[in-house]
Structure formats: structure tokens, C-alpha cells
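Keep the sequence and the 3D view open while reading.

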Amino acid sequence: MFTPRDVIFGAAVPALVGLVILLAAWRPWRAAGSAPRGLDWGGPLALCAGFLAGYAGIFSRPPFPPLDSVDWLFYLTIPLAVAALAVNTKDRALWLVGIAVIMEGLSSGLLTLPLWQHTWSPVQGAAWVGGLEPLAAVTVLVLSAVARQSKGLPLPVAYLVLGGLAALTLLLSGSQKLGQLGGALAAALGPVLLLAWWSGRPFLSRGASLTLAILYLGLLAAGHFYASLTPLNGALLAAAPLAAGVGLLPPLRRLRPLFTEALQALSVLAPAIVAVALAAIEFRKNTWE
Amino acid sequence: MKRIGSCVATWISLAALSVGTISADTQSVDKVHSTILFRVKHLGASNAWGRFNDLSGKLTTDGDAVTGVDIVVKADSVDTGNAKRDEHLKNADFFNTKQFPEITFKSTKVKKLGDDSFEATGDLTLHGVTKPVTVKLTRTGTGTNPKGAKLSGYDSSFSLKRSDFGMSNMLGGIGDDVLLTVSLECAAGK
């Protein structure tokens, strides 16, 4: 049911927009010695702009304020880009956690506004939003820590594949829209991860970690609240980026870096593969389109 | 003197209200004997049909004439005969029923066209978007139920574009034009 337009705007355009922004930030054609530090701030901008380009290209720009609360993800991307640039200004964990908590509060608050109105009790709502905030903070911390530690290609590739698997799971969980948005995010992530690895910078800067975590968790939350992403698949996909944290544990840090990184990559991919498989089994039970 | 004036005003208001009640009847929609069907093109080939199983509302009449229509449909009662497809329709791709649990029609004007035909203009709220629509309403018959309540039936059929109501996903595969067929059985005195 995908049109050529869906493929172009859902994959090619986000990747291309991300690539152009990253190259403009890095400017690798400049004289030798120009450090690729521009990628640190280029990363979150590339993610946000690529995601926005994919979003607007597939679905057109949503009205403001959005009709469907899922469309808050579109407008959330703008303050998120600003927050990501702010995060990059200070190398402090508390600064990163504080901004992550604020952005996740904003994201989950806006996404779940109708549920507060129609479905949830205040306690239920507070439990959900209050639970997502620490999850976002931990995800951002783990992503930025493993990105700093990583030197090889397996982990960036694993995160790229994770993005694709999460999009596929959302698609199989009854929402083509969220699946396509997940695909756009994964496509925008591609050049961010690969150029950073190529240049020798951490594959995700702190700002890029923040952007990725908030958008990724936002898509999963929307998938659970407004589509049919099961709690188990949601939990598996939310846990997947954290699983690379095993590489930060002292026993694994003493192993050969490539071995550690391969193990981290497998840890990231395993829960996502299980989620896709479960969603596919459920989907195949009753195909309808 | 002021108090007497207030009492007279209250009495006049109550009298006017009671006169209104006598001349205008309210009929409740019997959800068991009422149906809302929709039809939409699938992949440019066949017509896919579905229905909503939970509707309620009322009609107001003045003698033989319908003077008001007020219908509420629970969006998550959508039923196409396939549980998975229904789940998809309830999701954010289509009706987004958690955010927009109700579809409503509230008439603002009803014009009598003939003995048994009417034209109702009103506000249709679907997927959180309210738009004015005008629909033809045909009285299909009248009767009495076993409890002695007067019954009347009405049919209506009209088309709309789902994209007009912000439901623009998957327009490539699922048609934009939706035909709605409504059949109501209304009982007086409920």
C-alpha cells in the first residue's frame, strides 16, 4: 500500500536532508585540520530536519494546533532541536537529564492530552507521564555514553537497524502512519550515525541522543496509545537502545573493543527482532488489506 | 411589587415551556432497530462496507413534521466484520477513537420538502472536525410498538469526503468519498 511518494519522502528525502545538513555542519572539503565537531550540532539538526521533511512530505504539514495529538510530534521537533543544541553547550550529565525530563514531559504531555480528557484518571496519567520521563532520561544517558565509548561500526549499524525494526513493528501494529514516521526517523538517522563514525566523532552527540530518544519514545508511546503496539512489544523496543549499556559494565569493558561492540549490537537488536516477530505473527493471524 | 412581577414572569415562562412540550414531541432513536452503514472504495476496486453498532439520539417533531435531529455515534463501535481491520480503523490512521470517541450530527434547520421528506441542515462532527452538511431525510413509515409507543422510521443517504474531516491517511488505497446510509427507528414517549 506504499506509493512511490511514500518511499521518496519516507526514506530518501529524510536521509538526503540529513546528509546535506551534516555536510554543511562538518564541511569536510575545508583544509585539513578542520575538526568535524560541527557534526555534534549538525546531528540533532539533521535528525529534526530529516524527520520534519519526511513528515511533511508524506502527510503534509499538520494544522496548528494539530487535530490528531500524534501530530504534535511534528511541532515538538522544533523545540527539541533547540533543546538539543542547548544540551551540547555543557558536558554535564545533570544538564542532559534535566533537559531530557523537560522535553519528555512536553512530548508525552502533548501526545496524551486526549487521554487525560477522555480515558485516564489523574493518577493513571501521572503514572504514565511520570514513568516515561525517567525512561527518557536513562535512554539519553545510555545513548550518549555508549556513543562516546564506541569506535567501531557494529553499534551505529545496530541502532540504524533498530530504527527500521521499530518502524516495521509500528507498521505491523496497525498504524501505517506511525510506521512511516518511524521509517523517516530511521532514514534521517542513517547519515548522522555513519558520518559521525566516519569522522571519528561519537556516533551520537549528546544533543543527537536527546533528539533520537524523545522522538523514538514519542513514536512508541503513540503506537501504544493510539494504535495497537502491545505493552510487551513497546517494552522490548523501549529496552532495545538501553541494552547497549551492557558494554559499560566493567567486566565487558575489559574485553576486546570489537567483541564488546558486537555484543552490544546484538543486545540492541535481539529485543527488537523479538518485537517484530511477535507483531508479524499477530499481523499474519488476520490480514485484512 | 417587584416580587409579584417576578412571579408573573416565572409563571409565563413555565406556561410557555409546557405549551412547547405539548406541541413538539421528542422521539428517541432505538439503537437496536437503527443502522448506520458506510461504504468506501478499496484499492480502486471493490466497495468495502462497514457499520457503527452504537448510536443514540433523538428527533423532535411538530405534528407530522420533523423539526430537529440529534444523533450521537460511538466511533469505537465501528464494525466491518473483521476484528483486525476494525482495530486499524479505530487507530490514529483513521477514526482515532481514543481522541475522538464520538461522531455527532446536530441539526440547525429542518425544511419540509413533502409529506414524508425533509431536508436537515446541521453540523456533522467527525474526527474532531465540525462541518455543515445537508442531508435528505425520508420517512419510511409509522407504527406502534408492543408497549404502545408510536414509532416512525427514517432513511437518509449522503456522501462526504473523509479528507474534509482531517482523515487523510492512506488516500491512495482507501477512497476519499464515503457513502453513509442511515436508517433510524424512533420511538415517541421515551
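**Salt bridges and backbone geometry**

Arg139(B) has a relative accessibility of 11%, so this residue counts as buried. The model is a predicted one. Across all chains, the count of salt bridges comes to 13. In general, side chains of opposite charge can pair when their charged atoms come close.

**Salt bridges within chain B**

- Arg139(B) pairs with Asp116(B) in a salt bridge, with 3.0 Å between the closest N and O atoms.
- This pair links distant parts of the chain, 23 residues apart: Arg139(B) is in strand S9 (residues 129-144) of chain B, and Asp116(B) is in the loop between S7 and strand S8 (117-126).
- Asp116(B) has a relative accessible area of 37% and is therefore partly exposed.
- Another salt bridge joins the side chains of Asp70(B) and Lys58(B), at 3.8 Å from N to O.
- Asp70(B) lies in strand S5 (residues 65-74) and Lys58(B) in strand S4 (residues 55-62) of chain B, so the pair ties together parts that are 12 residues apart in sequence.
- Asp70(B) counts as buried because its relative accessibility is 18%, whereas Lys58(B), at 37%, counts as partly exposed.

**A salt bridge between chains**

- Glu282(A) and Lys84(B) form a salt bridge in which the closest N and O atoms are 3.7 Å apart.
- The pair crosses between chains, from helix H12 (residues 257-285) of chain A, which holds Glu282(A), to helix H2 of chain B, which holds Lys84(B).
- Glu282(A) is partly exposed at 34% relative accessibility, while Lys84(B) is buried at 13%.

**A network in chain A**

- Asp91(A), Arg148(A) and Arg206(A) are joined into one network by salt bridges that share partners.

**Backbone geometry**

- Most residues other than glycine have a negative phi, and most peptide bonds are trans.
- The peptide bond between Phe64(A) and Pro65(A) is cis, with omega at about -5 degrees.
- Pro65(A) sits in the loop of chain A between helix H2 (38-59) and helix H3 (72-87).
- Asn96(B) is not a glycine, yet its phi is positive, near 50 degrees.
- Asn96(B) belongs to the loop between helix H2 (83-90) and strand S7 (102-112) of chain B, and it counts as buried because its relative accessibility is 1%.
- Met170(B), also a residue other than glycine, has a positive phi near 55 degrees.
- Met170(B) is in the loop between strand S10 (150-161) and strand S11 (174-188) of chain B, and its relative accessibility of 12% makes it buried.

How values were computed:
Residues numbered from 1 in each chain as written. Chains lettered and ligands numbered in written order. Predicted model: local features only at pLDDT ≥ 70, side-chain atom pairs only at ≥ 80, totals over all residues. Heavy atoms only, no water. Helix = DSSP H or I, 4+ residues; strand = E, 2+ residues; numbered from the N terminus. Buried < 20%, exposed > 50% of the residue type's maximum accessible area, 1.4 Å probe, protein only. Salt bridge = Lys/Arg side-chain N within 4 Å of Asp/Glu carboxyl O.
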